[in-house]
Amino acid sequence: MKNLILTLAFLLLVSTFSIARNPDARGFDSIQANFKNPPADCWPHTRWWWPGNPVSKAEITHELEEMRAHGIRGVEQISMSEVYEKGNIPYLSDEFMEMLKHTVKEAKRLGMEVSLNFGGPGWIIGGAWVKEDEKSKDLVPTFIDLAGNQVYNGNLPDRLTKTKRSWEHFTPKLDGDETLLAVVAGKIENDGRISEKSLINLTATVSGNKINWKVPEGEWRLMAFWLKKNGISNAVDHFSKQAMENYCHFLGNKFYEAFGDEFGKTVESLFVDSFELPNLSSGINWSTGLLEAFRKEKGYDLTRYLPAIWWNVGEISPKIRFDVNEFLHETGLNVFFRTFLGWCEDHHIKGRIQAYGFNTDNIEASGKSHIPEMEITAGEKDAADWFDTRIGPKQYVASGAHLYGRKVVSAEVYTFIHWERYRETLEELKIASDGYLMAGATKFYNHGFNFSPEKIVSPTRSLPFAAYIQPQNVWWKYYPKLAEYIARSAYLLRQGDFTADVALYSPLANQWALNALNMRKWTREFEWGDLGELLISNGYNYDLINDDALQNLATVADGRLKVRTNEYKVLILPNVETIPLKTLEFIEKYVELGGIVIALERIPEKSTGLTDYRVSDNKVRELSNNLFNKPKQPEGKPVNPYGLNGPGIVEGIVMNPYGKGGTYRLKNVIDRQIWWDKRSSTLDPFLETIRKHIAPDFGIDFAYEGLRKNEGLTFIHRKLGEKDIYFVSNIQDKPNAVPVTFRVKNKVIREWNPYTGAITPVLSFCEVKDGIKVPLNLAPYESLFLEFSPGEPEAYVAKSEFIDVSATGNRGLKAVALQNGIYSSIIKTGSKEKKITTGVSGIPAPFLISGAWNMELKGENFPAVTRKSEELTSWIEDPLTRNFSGTGRYEINFTLSTGYFLKGLKLYLDLGKVGSIAEVSMNDQPLGITWMRGQKLEATHALKAGENKLVILVTNTLINRISAMKEPPPVPEDLVSRFGSGAVNQETPREFGFKPLPASGLIGPVRIITVKEVAVSF
């Protein structure tokens, strides 16, 4: 709410009368205590890579102790490929298991949690022990085009076709070890389509690898479909029940026999990383017996229709593709998820899963996981925005948790926050953290911590996935600042239930009908346009809602769509052409009972699946026409539930009252390719449509504030009984002074500070039509929590020019002024309102600390630099200091006059620009640490009239040092006998020669800022 003061916030004294009318004041005791000192489960955990497992018990203990001392309270152990030429311990060997047992024992001693990757080395679920016939398999097609009126007597086609999929492993032809599943022929029409009526199942005519077939008249395609072992990795067959049971039994029992007594305790979960299974040429995930399983589940034989998976076979292609995708989804849930999660349940441990990149519906699969996990970093690779409103895996995972009742959502955080490693600052990690918190994550796994017996960083012996959060990083000492921020935030965001206004229909059925080869990118390649930003930046949070929830979990009451504790007021269909008939039937019921549906760009026209598809298509078109085109008035007196004048309220909008509810059709919302389709928030037709039915939960008066759009002030809202908890973050590089209307009526407000754990009353707000309007003064990237509870403070400030107001008791308030002048305030006590004018004087101008600065740089493999200068500049501007990474020391003496020590004045140190962390002392008294822009340190207690000594320790980033490297550091001499001196990784690290380098050191200007506390009586 104000610029963060790390040592002492602006004084806010908790007055007993400020909560006297709050009946829930004493019910929050345990939550308040845990917010100040969060439980271990809420603190950051880390992915702990063991590359080649070159570990020892002593080093394991050392690294765990380092983590614990710096705020990391858990590890996810994962073995990776070797980085040393010797000294590696084979995965699952007796020695390796002994190291794991030691890890669990030491973690227990330290009060830490352990999660184990369920496979390895690497993140694919598999291993060298998996039998050949139980490894992953693909269904791949081959084909040859033949002219008609001939007898083809020859080999089946063996050439494989490459697609554009980035994860595909291309081989040009079969190797002879495949199993033939089917041979089908089809006539090629003039437009390139294959005629459905012409499809012929020729499997029975094949002998060995040859076929003798009389080709009818015309152009024909002979297609063979093969089950091919996916030999790219040791991945287990995710679609074979027997293979999965054997896999879980073998690996799970290895762990259970070693430390099963700690399952569900110290060892809290087994982990499945994102399903980044490679596919073969044009292949799709498949397994033995799936054609027969498909027939039993879908009621028809897929064999004749296999070409429709890959080729255009007219109107049946989308029907077949949907059926195949849905079948693989159900099979994946039954075989992989239920087998793995069932084994976990039987052994009293949780299964933590990144459910995306697989054939299953991300939402349902996440919801079925014990702990669903998300990833995708805000600002990733310097391409995405920090204010990241993209609709993708994070939203699918969080929505699955909300819909299926999972309270804890974990996150793999900071992966590729930059493309290059060693660049990240604590501030950047905090900004990215807020992106995860806003998306719904409440348990962080850093990505990551590289096991290393070396004391300094070696780029060729470190994993390449960006964030480097461990002792070899120069700012490791200060990581606890971020850790405690995350712990408090994660804890408070686990309380109560997520609150959203909008249910955004997941278009997965639409995607399944289009393509059966794109399971790795279903959540990423649907074109959402700016829909996520339009909703979030204008105060409307949302959940993605899937067909399973609409068909099997949802109910309708009071015109709202309800799923468990979630109540949605508007349902949006985002450019959906294809939708299951059963889903659309529920949507009609929802609208009939008072719901609001907004269809963007188009309305549904097609059903899903092959069975009776023409009948189902007609029903979908009829329902869509009724819902969106043909008015259906409610019984009794006709009403217009919209409060609008007619269907042409805005060009391009069609509205239709239906039953007790209604629908809208809007174009140019997702598809805004022309600049004039983009409107300011105040005038946007899509937003105006939503606002007709529900006021923003987080409202900004754009017209009054003179803003066209919100560029980063964002929120998440949770409901805890009668209390409302909002997490607010200013994810932009400028301060925010815009007030926000929270759609609540409760007027006992408290700020919860996630940096310090302080909880203080908020007495500056006013009641408006749509809720409670609160002034928010936030520094760039600053965040806070606001709690709204029932009741009303005895007195509060409805309007004020002061930057902060707190209670003092005895019918008094304490206000903070930034400058001299006359300040007006409106004080409310019950139904009474009183205007008060207060004169403020005696505030001196900011004091610029200038003169001769002494700077000293000492670091790893860096010749010491000592200099005196009256000018503060970035280290990178001088060739001698450009590549310094570490901590520099600045010292200066200055004289402060007695005018800065008058009664009521408070003094704050503003360091100006710092690259990137500063630890400050004044007159040998510690003031605190700044690690984000806009942070100021209170210095009143340490400053004195006359001469003062200021010492500032500034720490930058590792990239400065790494960028100057010409070759990787050798293995340290004391480790050569153990690991060898040879280089396993021969690639030149992409960080070598990196530029431009970030600003480093103290750049300033350094000033003392003065505010004055004044009494306001009423």
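Here is a short chat about cysteines and helix contacts in a predicted model.

Trainee: Okay, so what about C344, how far is its sulfur from the closest cysteine sulfur?
Mentor: That closest sulfur sits in C248, 7.2 Å away, which is too far for a bond. A disulfide would need the two sulfur atoms within 2.5 Å.

Trainee: And is C344 buried or exposed?
Mentor: Buried, because its relative accessibility is 0%.

Trainee: Switching to helices. At what angle do α4 and α7 cross?
Mentor: Roughly 25 degrees, and their axes come within 10 Å. Helix α4 covers residues 241-259, while α7 covers 317-346. With that angle, α4 counts as roughly parallel to α7.

Trainee: Is that crossing left-handed or right-handed?
Mentor: The crossing of α4 and α7 is right-handed.

Trainee: Which residues meet there?
Mentor: From α4 you have K241, M244, E245, C248, H249, G252, N253 and Y256. On the α7 side they meet N334, V335, F336, T339, F340 and W343. By class, this contact has seven nonpolar, five polar and two charged residues.

Trainee: Now α1 and α11. Are they roughly parallel or antiparallel?
Mentor: The axes of α1 (residues 29-36) and α11 (residues 479-492) cross at roughly 155 degrees and come within 8 Å. That angle makes α1 roughly antiparallel to α11.

Trainee: What makes the contact?
Mentor: S30, I31, N34, F35 and K36 of α1, together with R488, Y491 and L492 of α11. Those split into four nonpolar, two polar and two charged residues.

Terms used
Residues are numbered from 1 along each chain as its sequence is written. This is a predicted model: local features need pLDDT of at least 70, side-chain atom pairs count only at pLDDT 80 or more; totals for chains, interfaces and linings use all residues. Side-chain values use heavy atoms; hydrogens and water are left out. Buried means under 20% relative accessible area, exposed over 50%, partly exposed in between (1.4 Å probe, protein chains only). Axes are lines fitted to C-alpha atoms, for helices over the stretch in contact, and angles run from 0 to 180 degrees between N-to-C directions. Helices (H or I, at least four residues) and strands (E, at least two) are DSSP runs, numbered from the N terminus. Angles under 35 degrees count as roughly parallel, over 145 as roughly antiparallel, 65 to 115 as roughly perpendicular and the rest as oblique. A crossing is left-handed if the near helix is turned anticlockwise from the far one by less than a right angle, and right-handed if clockwise. Contact means heavy atoms within 4.5 Å. Ala, Val, Leu, Ile, Met, Phe, Trp, Tyr, Cys and Pro count as nonpolar, Asp, Glu, Lys and Arg as charged, and the others, Gly among them, as polar.
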